[in-house]
Amino acid sequence: MRKRVIILALLAAILMPAGSATASPLETLMGLTMGFETTVPIIMYHALDKSPDNIWEITAQEFEADLEYLSKNGYTTVVMQDLVGFVHHGKPLPEKPIVLSFDDGRRLDEVLPMLEQYDARITMAIIGQETDHYTEIGRGKHPHMTWDEVKAAADTGRVEIQSHTYGLHGAKGAGKRRGESNEAYRQRFLADLHKFADVLRQNTGIVPNSLAYPLGIISPTSDDIIKEAGYSASLSCQEKNNRLAVGDLDCLFSLSRFLRPPGKTSDSFFAKLEEGKTAESQ
């Protein structure tokens, strides 16, 4: 499918006369590829700082083993902007795309050298409030990146920065609170989304297009509010492969992610992704 998209894109560009007032190559491509689909698994990581009985963190050795596995098995790491480009504009994805998403915004001291070594990229969803906090106090027990570190990571070209909300990473996450009206929830969530985008842009010049839901907690109207705030995608905590189709903008919301647990080999963890793809194709 992806090869066909590339061929169609080239044909559209070649056949379009210079200065033509009719459809652009992009518009022609979108007409030809509308509805084309691909499967994209998304993996959820947090930090490489394994502590006893913490299901959210793995070791640096386990993460490096994952990168080695993906490289040997033909996967290419992509980021959320690549998924948005495929769905919105028909931009081709590699043959076996995969997104490695990191939540929270913890420091990347061990991660960045590995990304360079294995020619990989990640999507990092940071908590705006924590980044503000650690920018002010410096190091702490679970050090999140400062704004300077966020910008430096993004400038490597290996790390895409997205939203994990500004200040909703608590017990209720980004969901509606008990007794809260729909409109009050909408206004509160919108305010947080806009605040995150504002502080990120002010400190780094980056404009986010995706949000990873804290703890996966959402409400029936959450994605609608994210769309209203101008975001193009959202990430959930459900576990399954994602089917993306060119032109289907809704398929980018509440995308599923596989939590990478500690204590499993890369072979055994990634096997379930391959099993899921096989089941979906039958």
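1. Lysine 72 and glutamate 68 both sit in helix H3 (residues 60-72), four residues apart, so about one helical turn separates them. Please keep in mind while reading that this is a predicted model. The two side chains form a salt bridge, and their closest N and O atoms are 3.0 Å apart. Side chains of opposite charge can pair when their charged atoms come close. Is lysine 72 buried or exposed? With a relative accessible area of 66%, lysine 72 is exposed, because the cut-off for that class is over 50%.

2. A second pair links separate elements of the chain. Aspartate 82 forms a salt bridge with arginine 121, with 2.7 Å between the closest N and O atoms. Aspartate 82 belongs to helix H4 (residues 80-89), while arginine 121 is in the loop between helix H5 (111-117) and strand E5 (122-126), so the bridge ties together parts that are 39 residues apart in sequence. Both partners fall in the partly exposed class: aspartate 82 at 23% relative accessibility and arginine 121 at 25%.

3. In the salt bridge of glutamate 180 with arginine 188, the closest N and O atoms are 2.8 Å apart. Glutamate 180 is buried, its relative accessible area being 14%. Arginine 188 is buried too, at 18%; each value counts as buried because it is under 20%. How many salt bridges does the count come to? The count is 16 salt bridges.

4. Now for the packing of H7 and H8. Two packed helices are described by the angle between their axes and the distance between the axes. Here the axes of helix H7 (residues 147-155) and helix H8 (residues 182-204) come within 9 Å and cross at roughly 75°. H7 is therefore roughly perpendicular to H8, because a crossing angle from 65 to 115 degrees falls in that class. Which residues make the contact? On the H7 side they are Trp147, Val150 and Lys151, and on the H8 side Val199, Leu200, Asn203 and Thr204. Sorted by class, the contact holds four nonpolar, two polar and one charged residues.

5. Helix H6 (residues 128-137) has Gly128, Thr131 and Tyr134 among its buried residues. Why can these three be placed on the same side of H6? They cover an arc of only 135° around the axis, which means that they share one side of the helix. The cover over the buried residues of H6 includes E5, H7 and H8. Just after H6 comes glycine 138, with a positive phi of about 80°.

6. Back to H4, which also carries aspartate 82 of point 2. Its buried residues are Met80, Leu83, Val84, Gly85, Phe86 and Val87. H4 is followed by glycine 90, whose phi is positive and near 70°.

7. Isoleucine 218 lies in the loop between strand E7 (210-212) and helix H9 (222-228) and is partly exposed, at 36% relative accessibility. Its C-alpha atom is 8.8 Å from that of lysine 172, although the two residues are 46 residues apart along the chain. Leaving aside residues up to four places away in sequence, isoleucine 218 touches Gly175, Tyr213 and Ser254. Lysine 264 is in the loop between strand E10 (258-259) and helix H10 (266-281) and is partly exposed, with a relative accessible area of 39%. Lysine 264 and isoleucine 58 are 206 residues apart in sequence, yet their C-alpha atoms are 9.6 Å apart.

8. Finally, the chain as a whole. The chain has ten helices and ten strands, and 48% of its 282 residues count as buried. Of the contacts between residues at least 6 apart in sequence, 66% join residues at least 24 apart.

Terms used. Residues are numbered from 1 along each chain as its sequence is written. Side-chain values use heavy atoms; hydrogens and water are left out. Axes are lines fitted to C-alpha atoms, for helices over the stretch in contact, and angles run from 0 to 180 degrees between N-to-C directions. Helices (H or I, at least four residues) and strands (E, at least two) are DSSP runs, numbered from the N terminus. Angles under 35 degrees count as roughly parallel, over 145 as roughly antiparallel, 65 to 115 as roughly perpendicular and the rest as oblique. Contact means heavy atoms within 4.5 Å. Ala, Val, Leu, Ile, Met, Phe, Trp, Tyr, Cys and Pro count as nonpolar, Asp, Glu, Lys and Arg as charged, and the others, Gly among them, as polar. A salt bridge is a side-chain nitrogen of Lys or Arg within 4 Å of a carboxyl oxygen of Asp or Glu. Buried means under 20% relative accessible area, exposed over 50%, partly exposed in between (1.4 Å probe, protein chains only). The arc is that of the directions from the helix axis to the C-beta atoms.
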